[in-house]
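Q: Hi, I've got a structure I'd like to talk through with you. Could you go over it with me, one bit at a time?

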Amino acid sequence: MDGTNFRRAIARTRLAPVAAFPKRFLRVARHDARVISVSARWLLTSREHHNYTYDLTRLSREHLAWFVSVTCEVPVKQARQYLAEIERDDALRQHIEQATAASDRRGLADRKVRYARRIGWYAIVRAIRPAHIVETGVDKGLGTCVLASALLRNAADGEPGRVTSLDINPEAGYLVRAEPWAAVVDLVIGDSIASIAALDRPVDLFLHDSDHHTAHERREFQAVEPKLAPGALLLTDNVTITNVLAEHAEATGRRFLAYRETPAGHWFPGDGIGIAW
Ligand SMILES: C[S@@+](CC[C@H](N)C(=O)[O-])C[C@H]1O[C@@H](n2cnc3c(N)ncnc32)[C@H](O)[C@@H]1O
(Lines give C-alpha, C1' and ligand atoms only; values in the text may rest on other atoms or scores of the structure.)
Protein backbone atom coordinates (compact mmCIF):
# COMPACT_ATOMS: atom_id res chain seq x y z
CA MET A 1 0.00 0.00 0.00
CA ASP A 2 1.51 3.37 -1.02
CA GLY A 3 1.45 6.51 1.17
CA THR A 4 -1.69 7.98 -0.38
CA ASN A 5 -3.69 4.79 -0.08
CA PHE A 6 -2.48 4.37 3.52
CA ARG A 7 -3.65 7.90 4.41
CA ARG A 8 -7.02 7.24 2.75
CA ALA A 9 -7.36 3.98 4.66
CA ILE A 10 -6.61 5.78 7.99
CA ALA A 11 -9.10 8.57 7.12
CA ARG A 12 -11.86 5.95 7.07
CA THR A 13 -11.06 4.77 10.61
CA ARG A 14 -11.60 6.20 14.06
CA LEU A 15 -7.85 6.89 14.22
CA ALA A 16 -8.21 9.72 11.66
CA PRO A 17 -8.50 12.62 14.20
CA VAL A 18 -5.44 11.31 16.10
CA ALA A 19 -3.40 11.00 12.90
CA ALA A 20 -4.38 14.53 11.79
CA PHE A 21 -3.70 16.10 15.19
CA PRO A 22 0.03 17.04 14.70
CA LYS A 23 -0.70 18.82 11.40
CA ARG A 24 -3.69 20.67 12.87
CA PHE A 25 -1.69 21.57 15.97
CA LEU A 26 1.14 23.05 13.85
CA ARG A 27 -1.31 25.15 11.80
CA VAL A 28 -2.96 26.75 14.80
CA ALA A 29 0.35 27.12 16.68
CA ARG A 30 1.90 29.01 13.73
CA HIS A 31 -1.15 31.31 13.57
CA ASP A 32 -1.15 31.97 17.33
CA ALA A 33 2.63 32.56 17.37
CA ARG A 34 2.15 35.27 14.72
CA VAL A 35 -0.59 36.92 16.82
CA ILE A 36 1.57 36.77 19.98
CA SER A 37 4.57 38.25 18.17
CA VAL A 38 2.52 41.15 16.70
CA SER A 39 0.86 41.73 20.10
CA ALA A 40 4.21 41.78 21.94
CA ARG A 41 5.66 44.27 19.46
CA TRP A 42 2.57 46.49 19.87
CA LEU A 43 2.79 46.34 23.69
CA LEU A 44 6.39 47.55 23.51
CA THR A 45 6.08 50.16 20.75
CA SER A 46 2.54 51.65 20.95
CA ARG A 47 1.07 53.86 23.67
CA GLU A 48 -2.57 53.58 22.64
CA HIS A 49 -5.08 52.10 25.07
CA HIS A 50 -8.27 52.46 23.02
CA ASN A 51 -9.48 53.69 19.62
CA TYR A 52 -6.39 52.11 18.03
CA THR A 53 -4.81 53.49 14.87
CA TYR A 54 -3.10 51.51 12.10
CA ASP A 55 -2.83 51.37 8.35
CA LEU A 56 -4.94 48.98 6.29
CA THR A 57 -3.43 46.09 4.37
CA ARG A 58 -3.14 46.74 0.63
CA LEU A 59 -5.96 44.32 -0.10
CA SER A 60 -8.22 45.87 2.54
CA ARG A 61 -7.53 49.35 1.14
CA GLU A 62 -8.40 48.13 -2.36
CA HIS A 63 -11.65 46.59 -1.10
CA LEU A 64 -12.44 49.92 0.58
CA ALA A 65 -12.01 51.71 -2.76
CA TRP A 66 -14.56 49.32 -4.32
CA PHE A 67 -16.90 49.74 -1.33
CA VAL A 68 -16.89 53.52 -1.83
CA SER A 69 -17.22 53.14 -5.59
CA VAL A 70 -20.32 50.93 -5.35
CA THR A 71 -22.11 52.74 -2.52
CA CYS A 72 -21.40 56.29 -3.72
CA GLU A 73 -21.66 55.50 -7.43
CA VAL A 74 -18.27 56.87 -8.45
CA PRO A 75 -15.73 55.09 -10.69
CA VAL A 76 -13.31 52.99 -8.62
CA LYS A 77 -10.38 55.01 -10.04
CA GLN A 78 -11.96 58.12 -8.53
CA ALA A 79 -12.43 56.36 -5.18
CA ARG A 80 -8.75 55.29 -5.22
CA GLN A 81 -7.72 58.90 -5.93
CA TYR A 82 -9.70 60.09 -2.91
CA LEU A 83 -7.96 57.53 -0.66
CA ALA A 84 -4.58 58.65 -1.99
CA GLU A 85 -5.55 62.32 -1.52
CA ILE A 86 -6.00 62.05 2.27
CA GLU A 87 -2.86 59.93 2.60
CA ARG A 88 -0.85 62.62 0.76
CA ASP A 89 -2.26 65.48 2.86
CA ASP A 90 1.02 66.46 4.56
CA ALA A 91 -0.42 69.61 6.18
CA LEU A 92 -3.03 67.54 8.03
CA ARG A 93 -0.50 64.87 8.97
CA GLN A 94 1.94 67.43 10.38
CA HIS A 95 -0.82 69.23 12.27
CA ILE A 96 -1.98 65.96 13.90
CA GLU A 97 1.61 65.03 14.80
CA GLN A 98 2.26 68.43 16.40
CA ALA A 99 -1.12 68.68 18.18
CA THR A 100 -0.66 65.15 19.54
CA ALA A 101 2.85 65.94 20.80
CA ALA A 102 1.56 69.10 22.52
CA SER A 103 -1.55 67.56 24.10
CA ASP A 104 -2.05 66.48 27.72
CA ARG A 105 -2.85 62.99 26.43
CA ARG A 106 0.40 62.58 24.46
CA GLY A 107 1.49 59.79 26.83
CA LEU A 108 -1.40 57.68 25.52
CA ALA A 109 -1.10 58.51 21.80
CA ASP A 110 1.24 57.29 19.07
CA ARG A 111 3.32 59.80 17.12
CA LYS A 112 2.76 58.19 13.75
CA VAL A 113 -0.46 59.36 12.09
CA ARG A 114 -2.59 56.48 10.79
CA TYR A 115 -6.22 56.84 9.74
CA ALA A 116 -7.35 53.19 9.30
CA ARG A 117 -10.91 53.00 7.85
CA ARG A 118 -11.33 56.79 8.24
CA ILE A 119 -9.77 57.14 4.77
CA GLY A 120 -13.06 55.59 3.60
CA TRP A 121 -15.02 58.33 5.42
CA TYR A 122 -12.87 60.85 3.57
CA ALA A 123 -13.54 59.24 0.19
CA ILE A 124 -17.30 59.09 0.87
CA VAL A 125 -17.38 62.82 1.70
CA ARG A 126 -15.38 63.63 -1.44
CA ALA A 127 -17.69 61.46 -3.53
CA ILE A 128 -21.09 62.71 -2.30
CA ARG A 129 -20.17 66.33 -1.38
CA PRO A 130 -22.51 66.72 1.63
CA ALA A 131 -23.50 70.21 2.78
CA HIS A 132 -23.95 69.01 6.40
CA ILE A 133 -22.31 66.03 8.11
CA VAL A 134 -23.14 64.96 11.66
CA GLU A 135 -20.59 62.80 13.46
CA THR A 136 -21.38 61.37 16.90
CA GLY A 137 -18.28 60.53 19.00
CA VAL A 138 -15.20 62.67 18.53
CA ASP A 139 -12.54 61.42 20.98
CA LYS A 140 -9.26 63.13 20.04
CA GLY A 141 -10.81 64.39 16.81
CA LEU A 142 -8.92 62.21 14.34
CA GLY A 143 -12.05 61.34 12.36
CA THR A 144 -13.30 64.93 12.59
CA CYS A 145 -10.00 66.15 11.08
CA VAL A 146 -10.38 63.67 8.23
CA LEU A 147 -13.98 64.76 7.58
CA ALA A 148 -13.00 68.45 7.81
CA SER A 149 -10.13 67.92 5.39
CA ALA A 150 -12.54 66.38 2.84
CA LEU A 151 -14.96 69.28 3.31
CA LEU A 152 -12.17 71.82 2.72
CA ARG A 153 -11.26 70.06 -0.55
CA ASN A 154 -14.93 70.05 -1.55
CA ALA A 155 -15.07 73.80 -0.79
CA ALA A 156 -12.01 74.36 -2.99
CA ASP A 157 -13.99 72.56 -5.75
CA GLY A 158 -16.89 75.00 -5.16
CA GLU A 159 -19.04 72.69 -2.98
CA PRO A 160 -18.68 73.79 0.65
CA GLY A 161 -20.02 71.94 3.68
CA ARG A 162 -19.77 71.75 7.48
CA VAL A 163 -19.51 68.97 10.04
CA THR A 164 -21.32 69.05 13.38
CA SER A 165 -19.36 66.78 15.74
CA LEU A 166 -21.04 65.63 18.95
CA ASP A 167 -19.33 64.31 22.08
CA ILE A 168 -20.29 64.01 25.74
CA ASN A 169 -16.71 64.68 26.89
CA PRO A 170 -15.78 68.41 27.08
CA GLU A 171 -12.12 67.50 26.40
CA ALA A 172 -12.92 65.76 23.12
CA GLY A 173 -11.74 67.15 19.81
CA TYR A 174 -8.38 68.71 20.73
CA LEU A 175 -6.96 67.75 17.30
CA VAL A 176 -9.57 69.79 15.49
CA ARG A 177 -9.25 73.08 17.34
CA ALA A 178 -6.88 74.53 14.70
CA GLU A 179 -7.29 76.31 11.39
CA PRO A 180 -8.10 75.62 8.62
CA TRP A 181 -9.95 72.50 9.84
CA ALA A 182 -11.77 74.22 12.74
CA ALA A 183 -13.36 76.64 10.25
CA VAL A 184 -15.72 73.91 8.98
CA VAL A 185 -16.35 72.13 12.32
CA ASP A 186 -19.06 72.83 14.92
CA LEU A 187 -18.12 70.92 18.07
CA VAL A 188 -21.14 70.32 20.33
CA ILE A 189 -20.65 68.96 23.84
CA GLY A 190 -23.47 66.89 25.37
CA ASP A 191 -25.28 63.58 25.02
CA SER A 192 -25.64 62.75 21.34
CA ILE A 193 -29.37 62.00 21.49
CA ALA A 194 -30.16 65.47 22.90
CA SER A 195 -27.70 67.11 20.48
CA ILE A 196 -29.26 65.35 17.48
CA ALA A 197 -32.73 66.49 18.63
CA ALA A 198 -31.45 70.09 18.71
CA LEU A 199 -30.05 70.04 15.13
CA ASP A 200 -31.53 72.91 13.12
CA ARG A 201 -30.21 72.05 9.62
CA PRO A 202 -30.90 69.03 7.41
CA VAL A 203 -28.27 66.27 7.61
CA ASP A 204 -26.80 64.85 4.38
CA LEU A 205 -24.38 62.40 5.98
CA PHE A 206 -24.69 60.90 9.47
CA LEU A 207 -21.94 58.89 11.16
CA HIS A 208 -22.48 56.96 14.39
CA ASP A 209 -19.24 56.56 16.37
CA SER A 210 -20.18 57.38 19.99
CA ASP A 211 -21.59 55.05 22.67
CA HIS A 212 -21.50 51.70 20.88
CA HIS A 213 -24.13 49.96 23.02
CA THR A 214 -26.86 48.58 20.75
CA ALA A 215 -29.64 50.62 22.39
CA HIS A 216 -27.74 53.91 22.07
CA GLU A 217 -26.78 53.28 18.44
CA ARG A 218 -30.43 52.46 17.66
CA ARG A 219 -31.64 55.62 19.45
CA GLU A 220 -29.22 57.76 17.42
CA PHE A 221 -30.52 56.47 14.07
CA GLN A 222 -34.13 56.92 15.25
CA ALA A 223 -33.36 60.45 16.50
CA VAL A 224 -31.65 61.55 13.29
CA GLU A 225 -34.28 60.15 10.90
CA PRO A 226 -36.56 63.26 10.96
CA LYS A 227 -33.49 65.50 10.53
CA LEU A 228 -32.26 63.86 7.31
CA ALA A 229 -32.15 65.61 3.94
CA PRO A 230 -33.62 63.64 1.00
CA GLY A 231 -31.13 60.97 -0.14
CA ALA A 232 -29.00 61.26 3.02
CA LEU A 233 -26.40 58.55 3.73
CA LEU A 234 -26.12 56.84 7.12
CA LEU A 235 -22.82 55.38 8.37
CA THR A 236 -21.92 53.37 11.44
CA ASP A 237 -18.51 52.61 12.88
CA ASN A 238 -20.08 49.79 14.90
CA VAL A 239 -20.89 47.43 12.06
CA THR A 240 -18.65 44.59 13.21
CA ILE A 241 -20.43 44.53 16.59
CA THR A 242 -24.15 45.17 15.96
CA ASN A 243 -26.70 44.81 13.17
CA VAL A 244 -28.44 48.07 14.12
CA LEU A 245 -27.86 49.97 10.88
CA ALA A 246 -28.86 47.00 8.70
CA GLU A 247 -32.11 46.68 10.67
CA HIS A 248 -32.70 50.43 10.42
CA ALA A 249 -32.05 50.27 6.66
CA GLU A 250 -34.58 47.47 6.25
CA ALA A 251 -37.19 49.27 8.36
CA THR A 252 -36.77 52.49 6.36
CA GLY A 253 -36.54 50.95 2.87
CA ARG A 254 -32.82 51.61 2.31
CA ARG A 255 -30.02 49.43 0.99
CA PHE A 256 -27.20 48.35 3.30
CA LEU A 257 -23.60 47.18 2.91
CA ALA A 258 -20.76 46.48 5.35
CA TYR A 259 -17.01 46.80 4.81
CA ARG A 260 -14.69 45.05 7.27
CA GLU A 261 -11.18 46.51 7.49
CA THR A 262 -8.00 44.46 7.99
CA PRO A 263 -5.32 46.30 9.99
CA ALA A 264 -1.73 45.83 8.78
CA GLY A 265 0.67 44.55 11.46
CA HIS A 266 -1.73 44.99 14.39
CA TRP A 267 -3.27 42.45 16.78
CA PHE A 268 -6.65 44.26 16.67
CA PRO A 269 -8.99 42.46 14.23
CA GLY A 270 -10.30 45.76 12.89
CA ASP A 271 -13.60 47.62 12.75
CA GLY A 272 -15.57 48.51 9.66
CA ILE A 273 -17.92 50.86 7.90
CA GLY A 274 -21.63 50.14 7.66
CA ILE A 275 -23.55 52.22 5.15
CA ALA A 276 -27.27 52.61 4.47
CA TRP A 277 -28.54 54.52 1.45
C1 LIG B 1 -14.85 55.64 19.54
S2 LIG B 1 -14.71 57.26 20.19
C3 LIG B 1 -14.93 58.27 18.78
C4 LIG B 1 -13.83 58.13 17.78
C5 LIG B 1 -13.74 59.18 16.72
N6 LIG B 1 -14.94 59.29 15.90
C7 LIG B 1 -12.52 58.93 15.83
O8 LIG B 1 -12.64 58.98 14.61
O9 LIG B 1 -11.44 58.68 16.38
C10 LIG B 1 -16.22 57.39 21.07
C11 LIG B 1 -16.53 58.77 21.63
O12 LIG B 1 -17.92 58.80 21.93
C13 LIG B 1 -18.11 59.63 23.05
N14 LIG B 1 -19.42 59.30 23.66
C15 LIG B 1 -19.73 58.23 24.43
N16 LIG B 1 -21.03 58.28 24.79
C17 LIG B 1 -21.55 59.38 24.21
C18 LIG B 1 -22.86 59.97 24.20
N19 LIG B 1 -23.88 59.43 24.87
N20 LIG B 1 -23.03 61.12 23.51
C21 LIG B 1 -22.00 61.69 22.81
N22 LIG B 1 -20.74 61.17 22.79
C23 LIG B 1 -20.53 60.04 23.48
C24 LIG B 1 -16.91 59.36 23.94
O25 LIG B 1 -16.70 60.46 24.80
C26 LIG B 1 -15.79 59.14 22.92
O27 LIG B 1 -15.06 60.32 22.72
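Q: Let's start with Asn51: is that residue buried, partly exposed or exposed?
A: Asn51 counts as partly exposed because its relative accessibility is 30%. The cut-offs are under 20% relative accessible area for buried and over 50% for exposed, with partly exposed in between, using a 1.4 Å probe and protein chains only.

Q: And how were the residues numbered, and is this an experimental model or a predicted one?
A: This is a predicted model, where local features need pLDDT of at least 70, side-chain atom pairs count only at pLDDT 80 or more, and totals for chains, interfaces and linings use all residues. Residues are numbered from 1 along each chain as its sequence is written, and side-chain values use heavy atoms, with hydrogens and water left out.

Q: Good to know. Where does Asn51 sit in the fold?
A: Asn51 is in the loop between α2 (16-45) and α3 (58-72). Helices (H or I, at least four residues) and strands (E, at least two) are DSSP runs, numbered from the N terminus.

Q: What about the phi of Asn51?
A: Phi of Asn51 is positive, near 45°, and this residue is not a glycine.

Q: How far is the side chain of Asn51 from the ligand?
A: An N or O atom in the Asn51 side chain is 2.9 Å from an oxygen atom of the ligand.
A: Glu135 has a side-chain N or O atom 3.3 Å from a nitrogen atom of the ligand. For Gly143, a polar backbone atom is 3.2 Å from a ligand oxygen.

Q: How much of the ligand does the protein bury?
A: The protein buries 85% of the 600 Å² that the ligand exposes when taken alone. Those areas come from the Shrake-Rupley method with a 1.4 Å probe; for residues, only the protein chains shown count as cover.

Q: Which residues come nearest to the ligand?
A: Arg118, Gly137, Asp167, Asp191 and Asp209 come nearest, out of 18 residues around the ligand. Near here means that a heavy atom of the residue lies within 4 Å of the molecule.

Q: How does that shell divide into nonpolar, polar and charged?
A: The shell has three nonpolar, eight polar and seven charged residues.

Q: Let's move to α6. How many of its residues are buried?
A: Ten of the eleven residues in α6 are buried, so the helix is mostly covered. Among them are Arg118, Trp121, Tyr122 and Arg126.

Q: Which side chain does Arg126 contact?
A: The side chains of Arg126 and Glu85 are joined by a polar contact of 2.7 Å. Glu85 lies in helix α4 (residues 76-87), and Glu85 counts as buried because its relative accessibility is 13%.

Q: What's going on just after α6?
A: Arg129 is found there, with a positive phi of about 55°.

Q: And the loop between α5 and α6, what's in there?
A: Ala116 is one of the residues in that loop, between α5 (90-102) and α6 (118-128). Its phi is positive, about 50°, although Ala116 is not a glycine. Ala116 is buried, because its relative accessible area is 3%.
A: Arg111 is in that loop too, but Arg111 counts as exposed because its relative accessibility is 67%.

Q: Switching topic: which residues does the cis peptide bond join?
A: The cis peptide bond joins Glu179 and Pro180, with omega about 5°. Pro180 is in the loop between β2 (162-167) and β3 (185-189).

Q: Last one, the whole chain: how many helices and strands?
A: The chain has ten helices and seven strands. Of its 277 residues, 47% are buried, and the C-alpha atoms fill a box of roughly 80 × 45 × 35 Å along the principal axes.

How values were computed: Polar contact = N/O pair within 3.5 Å; in protein donor to acceptor, adjacent residues only side chain to side chain. Nonpolar A, V, L, I, M, F, W, Y, C, P; charged D, E, K, R; others polar.
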